Amino acid sequence: MIKSVINHRIIKEAVRIRKVEEKFLELFSQGKLNGTVHTCVGQEFSAIAFAGQLKKKDFIFSNHRCHGHYLAFTGDTRGLLAELLGKASGTSGGIGSSQHLCNGNFFSNGIQGGIVPVAAGYALANKLKGNGAIGIVFIGDGTLGEGALYETMNIISKWGIPLMIVCENNFYAQSTPQQVNLAGDITARAEAFGIETFEGNTWDPESLMKQAGEAIEYVRTETRPCFFLVETYRLNAHSKGDDDRDPADVARFREKDFLHIFARESADYHQIYEEAINLEIDELVAEIEKEAELPMEKYFETVQHVTGNDWTALEPVNKRQVELINHFFRDILQSDEQVVFLGEDILSPYGGAFKVAKELSFLRPGRVFSTPISEAAITGVSNGLALNGFKPFAEIMFGDFMTLAFDQIVNHASKFHHMFNKKVNCPVVIRTPMGGRRGYGPTHSQTLDKFLVGIDNVKTVALNTLMDPALIYRSVYAERHPVLVIENKTDYGKKILQQPMNSFVCERNDDAFPVIRIRPPVSEPTLTVVAYGGMADIVSGILEDIFRHTDLIPELIVPSLISCLPIDLIAASAAKTGRLAVVEEGTAFSGIGSEVVSAVMEMTDARIKVKRISAYPVPIPSVRSLENIVLPGRDRIIQELKESFS
Amino acid sequence: MALLQEIKVPLLAVNDTSLTVVEIAFPGGHRVKTGDPVLVFETSKTTYDALAETDGYIQYLCETGKDYEVNYIAARIFSEPDEAGQTTVPGLLPIVEAGEPAARANRADWTGETLFSLEAGLLIDSSGIGRSIFKGKDFVTRRDVEMATGSYHPVPSRHTDSPRSAPTAPIRPARQASTLPDPAKTIVERLSRNKKKEIEYLGEVQSGGLTSTINVTVETEDIFVHINQSLKYLKDSLLPVILYETGRLLRKYRVLNSYFSGDAIAFYKEVNIGFAIDLEDKGLKVLKIAHTDSKTIAAIEEEILSLSNRYLDELLGIGDLSDISFTVTDLSSQGVSFFRPLVNTMNSAILGVSSIDEKLQRMILSLTFDHRVTEGKTVAAFLSDLKGRLESYRPDGTTVPVEDVSCFRCLKTLQEDLAGTGFVKCITPHGKDGYICQACLKGF
């Protein structure tokens with residue numbers, strides 16, 4: 001038996017956490033909770049020791065087992081109960097439920113490891129603000145298998161980010177015992193990154209409180225990260241009914257559980273606390289059960305997109321696209337304290353693989369971060385910066401590497417605003433160059449755009465060489481939600497609107513992300529072509545050839561916002577011409593062309609002959625002769641248009 | 001000092017809203033005499049000479065090779081030479097150029113380079129026309145060149161449909177593939193504008209590719225024995241009877257008195273059968289017998305005659321040629337055994353009448369119909385009814401012409417009804433005593 005002099009306020013707090021979670025299990029059995037719950041019964045003192053000892057300005061990122069952390073940090077029993085009961089008054093409006101909570105500086109997400117770089121970004125933002133706030137990210141021993149954790153430990157150590165990683169080691173990854181999955185030593189992992197480590201356990205709450213307090217103080221005063229390993233034991237299943245542990249083992253830990261001991265040794269106090277808390281919870285539940293759920297119109301409403309129809313003539317700019325992008329970043333880095341530029345290999349004089357970042361680190365050393373090769377962490381850190389008031393522009397060196405950042409885009413950036421019931425915005429910007437024609441081969445030449453469109457609440461924008469990219473970047477800069485910007489490797493070196501197009505009128509509309517139209521000056525077009533990004537440069541340059549060879553007068557429509565296409569405009573044009581071709585550098589199956597074609601068909605009853613021209617569905621070869629065949633080029637485009645429409 | 005005559009572009013067929021001037025007979029200001037041909041217009045399969053109706057001095061307001069709308073004043077004859085001094089009058093430009101009005105409007109707009117598609121370029125080179133005639137256009141397609149050379153034949157095309165039209169017609173190429181003739185091996189004569197119109201008007205239904213033809217044989221032995229008694233002029237012709245019976249049957253078969261209009265069928269409220277005529281190089285025309293279903297055989301015969309005379313005298317009015325709801329084409333005088341007629345524009349069917357095979361004593365009726373509107377079963381029923389009605393004119397022995405007895409339904413008199421079976425006495429729907437002919441009794 002452990003002799004403890006821990007004060008009763010803390011014990012009451014732990015009882016409250018346990019009683020709330022036991023209530024959840026009861027409500028779950030009654031079918032009143034939608035989804036699932038992961039309880040921390042047995043682990044409560046970890047929550048209280050860390051979350052309970054932070055200051056209000058500090059922050060917490062937690063995981064799927066977050067109720068204890070939430071209650072310890074926010075004290076918001078009602079908001080948590082209402083959230084799990086699916087009510088509009090819940091802390092996330094009932095959208096997030098058990099795993100997705102947000103209240104002030106408290107955030108949780110159910111993706112293992114993915115929250116760690118986000119927390120690092122949030123902590124980095126505090127450091128940049130110099131507000132003395134620190135943060136804690138809770139992980140479990142199961143999270144030790146996730147790569148994003150190690151990418152982030154490297155960065156927080158290297159950059160001196162004041163973030164404490166609390167690893168609650170309950171010896172099981174869901175139902176799998178630790179010895180099956182985990183190699184090596186846990187604290188040695190952090191030590192290898194030069195991170196200070198601490199240890200404690202929940203069976204000795206008094207010591208844990210003290211150790212946690214010391215660790216918090218360390219992070220705050222040293223502005224350094226630390227790693228705290230807390231041994232604990234979950235007395236209930238991972239969620240519900242998935243417990244194959246030896247009951248004798250569980251019983252042994254139940255005997256060790258502090259609240260169990262307290263209930264036995266101070267039965268009177270325990271009974272008083274328990275009854276008072278139970279009464280409070282029951283009254284809250286009875287009240288909350290009468291409340292309404294969030295109506296759909298408060299969550300989401302379909303907005304009909306109408307493409308602008310005021311057209312302005314496009315002017316050539318005698319500067320390379322990369323210079324114009326670079327100038328845009330020079331401007332905003334100097335004018336806006338909140339702008340942060342991150343990416344691999346971007347320090348000057350090198351200035352990044354494609355020189356977009358040229359001299360930026362000289363201009364604003366404190367806002368330009370050259371990162372390790374850690375796409376998940378770069379993106380996650382950017383997400384955290386964005387959540388905490390900054391405007392991060394992260395560069396992923398090659399579009400192919402977006403796959404490594406995908407979790408951060410899909411499960412974090414995309415979700416925060418809605419799953420936290422619109423309490424937060426995540427105005428992160430991820431830029432990357434896509435495209436081939438440089439012989440870089442299968443993993444450095446792809447156009448993965450189709451994987452990047454159709455992500456909820458994320459705009460995907462593609463630059464082109466027909467207009468000043470700064471115009472598009474101004475709108476990206478103004479966005480309050482995540483934006484992915486697709487640049488093109490071969491476009492970087494091109495000047496704006498330099499190809500002679502004397503026989504056509506080049507114009508753009510006044511949308512925030514302008515649509516460009518290249519049309520015959522007098523004749524009615526007889527062929528509608530849609531192309532964007534790097535393909536827009538190629539197609540715009542061969543419009544006259546297309547006419548000569550197909551006998552069709554083309555009108556080219558170039559969207560810049562490819563996650564919300566100007567279907568109304570395309571449909572109107574195609575209904576008139578009766579022919580619609582979409583040219584893309586990615587592969588056709590389920591691609592941008594497929595989206596254009598099906599959306600156009602939904603909008604009009606006109607009979608339109610359609611064609612998708614795209615890359616062949618094989619990895620892009622390095623050898624030039626084959627690369628030129630696999631990617632749609634001038635000759636193939638003309639040939640396929642001819643075959644389809646002549 | 002007087003304007004003596006204005007020579008306008010004549011209306012020769014309702015389809016021909018413009019004609020081509022192919023010859024100007026005199027220099028401008030030249031003296032002409034009454035009866036001189038002063039202008040030659042191109043019409044269907046032939047030319048039309050405009051004659052001076054007075055002596056005087058000619059002023060031309062047209063150019064050869066260009067098309068002019070009907071009623072456009074192409075020339076004037078004045079009493080004094082100085083009045084006719086100029087060959088063109090400023091401000092009076094030809095109304096139609098070889099090309100679409102839209103294309104023409106474009107020409108004035110573009111001052112940049114003109115781009116030619118490869119197909120257009122090849123066609124220009126082979127046809128020998130100059131590229132300069134396209135000055136002012138931004139893009140010249142094969143179609144533009146075909147328009148300019150007069151070899152363009154519009155085919156009802158998916159690309160000219162309105163966006164909301166139903167996808168009923170099968171998809172066809174936007175233009176016909178035309179093989180350019182080799183001048184060394186062929187003598188090339190341009191199609192007349194009227195021939196082009198004819199192609200266009202027949203093309204409208206046929207290009208849908210969904211027409212079909214059904215034939216029936218009609219026994220004709222002794223058929224004229226009685227029919228000729230009721231005909232004054234057109235002895236030994238089945239046309240009046242066929243028009244008469246068809247007119248009545250079309251009330252029942254409304255769908256053959258209709259036409260396909262994109263996503264609907266337009267049913268004519270009136271039965272106005274047209275009969276095709278092509279005589280003495282006056283061109284193929286379809287002349288209308290208005291309200292065919294309410295006219296007697298005699299009245300129909302009279303009308304065939306008077307229309308034919310007006311056709312020969314070129315005195316047809318627009319009313320004689322328009323709003324035709326069904327067409328009959330009679331080639332029985334040409335010795336044809338059997339043919340497949342083509343459905344006219346804004347019709348759903350056409351009935352072809354072949355010659356009577358004197359040896360077998362029978363003839364073939366062929367009905368081509370637009371399958372988008374109707375189908376074989378209906379047409380077969382129509383033809384079977386028609387065959388029955390026609391064959392009922394064949395004598396079966398005795399006939400007693402009786403005055404004053406007429407079918408309340410079709411107004412056919414017993415005298416006209418020469419089938420020999422007689423009428424049935426009946427109570428009309430208005431409760432009066434009346435008669436009904438065998439055909440109406442069976443058919444309705």
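This is a predicted model: local features need pLDDT of at least 70, side-chain atom pairs count only at pLDDT 80 or more; totals for chains, interfaces and linings use all residues.
## Overall make-up

Chain A has 646 residues, and 54% of them count as buried. Its secondary structure comprises 25 helices and 24 strands. If you take the contacts between residues at least 6 apart in sequence, 78% of them link residues at least 24 apart.

## Helices H1 and H12

Two packed helices are described by the angle between their axes and the distance between the axes. For helix H1 (residues 8-29) of chain A and helix H12 (residues 267-289) of chain A, the axes come within 9 Å and cross at roughly 45°. That angle makes H1(A) oblique to H12(A), and their crossing is right-handed.

Here is who meets whom. H1(A) brings His8(A), Lys12(A), Val15(A), Arg16(A), Lys19(A), Val20(A) and Lys23(A), while H12(A) brings Tyr269(A), Tyr273(A), Glu274(A), Ile277(A), Asn278(A), Ile281(A) and Val285(A). Sorted by class, the residues of this contact between H1(A) and H12(A) are 7 nonpolar, 2 polar and 5 charged.

## Helices H14 and H19

Another pair to look at is helix H14 (residues 321-335) of chain A with helix H19 (residues 469-478) of chain A, which pack at an angle of about 35° with their axes 9 Å apart. The crossing of H14(A) and H19(A) is right-handed.

On the H14(A) side, the contact is made by Gln321(A), Leu324(A), Ile325(A), His327(A), Phe328(A) and Ile332(A); on the H19(A) side, by Pro469(A), Ala470(A), Tyr473(A) and Tyr477(A). The contact of H14(A) with H19(A) has 8 nonpolar and 2 polar residues, with no charged ones.

## The buried side of H21

In helix H21 (residues 543-550) of chain A, the buried residues are Leu543(A), Ile546(A), Phe547(A) and Thr550(A). Because they cover an arc of only 100° around the axis, these residues are on the same side of H21(A). As background, an α-helix has 3.6 residues a turn, so residues three or four places apart point the same way.

## Backbone features in loops

Most residues other than glycine have a negative phi, and most peptide bonds are trans.

Ser97(A) is not a glycine, yet its phi is positive, at about 55°. Ser97(A) sits in the loop between helix H4 (77-84) and strand S2 (102-103) of chain A. It is buried, because 21 other C-beta atoms lie within 10 Å. Phe171(A) also has a positive phi, near 75°, and belongs to the loop between strand S5 (163-169) and strand S6 (172-173) of chain A. With 19 C-beta neighbours inside 10 Å, Phe171(A) counts as partly exposed, since a buried residue needs 20 or more.

The peptide bond from Ser348(A) to Pro349(A) is cis, with omega near 15°. You will find Pro349(A) in the loop between strand S12 (339-344) and helix H15 (360-363) of chain A.

Thr221(A) is part of helix H9 (residues 205-222) of chain A. It counts as exposed because it has 11 C-beta neighbours inside 10 Å. The C-alpha atoms of Thr221(A) and Gly132(A) are separated by 8.6 Å, although these residues are 89 residues apart along the chain.

Definitions and conventions:
Residues are numbered from 1 along each chain as its sequence is written. Chains are lettered from A and ligands numbered from 1 in the order in which they are written. Axes are lines fitted to C-alpha atoms, for helices over the stretch in contact, and angles run from 0 to 180 degrees between N-to-C directions. Helices (H or I, at least four residues) and strands (E, at least two) are DSSP runs, numbered from the N terminus. Angles under 35 degrees count as roughly parallel, over 145 as roughly antiparallel, 65 to 115 as roughly perpendicular and the rest as oblique. A crossing is left-handed if the near helix is turned anticlockwise from the far one by less than a right angle, and right-handed if clockwise. Two residues are in contact if their C-beta atoms, placed from the backbone, lie within 7 Å. Ala, Val, Leu, Ile, Met, Phe, Trp, Tyr, Cys and Pro count as nonpolar, Asp, Glu, Lys and Arg as charged, and the others, Gly among them, as polar. A residue is buried if 20 or more other C-beta atoms lie within 10 Å of its own, exposed if 12 or fewer, and partly exposed in between; C-beta atoms are placed from the backbone. The arc is that of the directions from the helix axis to the C-beta atoms.
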